[in-house]
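Welcome! Take a moment to look over the sequence and the 3D view, and then we will walk through them together.

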Amino acid sequence: EVYIAIGLPFETQRLPKFKELNPARRVIPLPDGVTRLRGEADLALRGGAPGHEGHRHGLETDDPHMWLSPKVMAETIPAIVAALSEARPEKAAYFAGRGAVLVKKTTGLDAYITSLFAPIAGGKRLFLTFHQSWAYYAENYGLREVSVELGGREPSPKDMAKLMAFAADNGVSVIVADPMTSQSVVTAIARNIKGAAVTANPLDEDWPGMLRGFSEALAKAMHKAPATTKAGQPR
């Protein structure tokens with residue numbers, strides 16, 4: 001009856017067809033006020049010195065993982081409540097009540113995660129990822145996500161060398177991966193950057209619980225990272 005779109009690539013291709021097959025289905029777009037973010041891929045893996053000529057911001061596709069930001073989710077819940085209430089007016093009060101509870105829980109989660117990262121210095125707020133999944137999360141908490149993958153492939157030995165140089169120059173000591181990523185590659189990168197690997201599943205059904213555990217692990221790893229100067233050298 002209702003489809004709430006968040007900008008996944010397949011939605012652009014398939015939703016018009018879904019609507020054609022079922023004209024009664026209501027398609028609700030991304031709520032107004034939620035800014036579409038783009039992931040970041042740099043590490044100079046397209047050539048050039050790390051962080052300079054080869055540095056590339058943005059991807060061919062936007063990062064759709066808006067649910068990984070509690071702040072964005074809190075802003076989105078009212079739009080979901082409104083869509084469900086319009087589809088089932090007789091349950092509007094129920095949806096409103098459940099929505100209010102969820103907003104309160106999500107806002108509380110946001111405050112908790114914010115407190116975890118508040119003591120962390122700016123030089124420690126960068127982390128590596130394999131997939132461009134954490135743009136909203138990073139934006140929410142003043143962090144910076146940098147992707148290891150390039151076009152969906154794992155880094156080559158040459159890429160790995162550049163990655164190590166980038167990590168050393170920028171004091172990076174955390175790599176984030178999902179359960180589907182090759183653990184041998186994750187372990188190798190963590191070992192080479194003398195840091196920690198943090199695993200999280202962005203598609204976990206219990207996304208509040210996943211975000212809480214992930215944030216605690218990420219903040220702990222960042223706390224242990226050596227502080228760096230602007231030149232990237234340990235203090």
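Where does K194 lie? K194 sits in the loop between helix 6 (183–192) and strand 6 (196–199).

## Before we start

This is a predicted model, in which local features need pLDDT of at least 70 and side-chain atom pairs count only at pLDDT 80 or more, while totals for chains, interfaces and linings use all residues. Residues are numbered from 1 along each chain as its sequence is written, and side-chain values use heavy atoms, with hydrogens and water left out.

## The chain as a whole

The chain has seven helices and six strands. Both kinds of element are DSSP runs numbered from the N terminus: helices are H or I with at least four residues, and strands are E with at least two. Read from the N terminus, the order is β-α-β-α-α-β-α-β-α-β-α-β-α.

Of the 235 residues in the chain, 44% are buried. Here buried means under 20% relative accessible area, exposed means over 50%, and partly exposed is in between (1.4 Å probe, protein chains only). Contacts are heavy atoms within 4.5 Å; among those between residues at least 6 apart in sequence, 61% join residues at least 24 apart.

## Back to the loop

K194 has a phi near 55°, a positive value in a residue other than glycine. For comparison, most residues other than glycine have a negative phi. K194 counts as exposed because its relative accessible area is 75%.

Strands pair if DSSP finds at least two bridges between them. Strand 3 runs parallel to strand 4 (residues 144–147), joined by four bridges, and F127 stands opposite E145 in strand 4. Strand 3 also runs parallel to strand 5 (residues 174–177), here with two bridges, and T129 faces V176 in strand 5. Together with helix 4 (residues 135–141), strands 3 and 4 make a right-handed β-α-β unit; right-handed means that, with the strands pointing away from the viewer, the path from the first strand over the helix to the second runs clockwise.

## Helix 2 and a neighbour

Helix 2 (residues 70–87) has 18 residues and reaches 25 Å from its first C-alpha to its last, close to the expected 26 Å. That expected span is 1.5 Å times one less than the number of residues. At T76 helix 2 bends by about 30°, and the proline P78 follows within four residues. The bend is the angle between axes fitted to the seven residues ending at a residue and the seven starting there.

Among the buried residues of helix 2 are V72, M73, I77 and V81. Their cover includes strand 1 (2–4), strand 2 (26–28), helix 3 (92–117), helix 4 and helix 7 (207–224). L102 belongs to helix 3, and its C-alpha is 9.4 Å from that of M73. L102 counts as partly exposed because its relative accessibility is 34%.

## Aromatic rings

How many aromatic pairs does the structure hold? There are seven. Rings of Phe, Tyr and Trp (its six-membered ring) pair if their centres lie within 6.5 Å; planes under 30 degrees apart count as stacked, over 60 as edge-to-face and the rest as tilted. W134 and Y137 have ring centres 5.3 Å apart and planes at 80°, so this pair is edge-to-face.

W134 is buried at 3% relative accessibility, and Y137 is buried at 0%.
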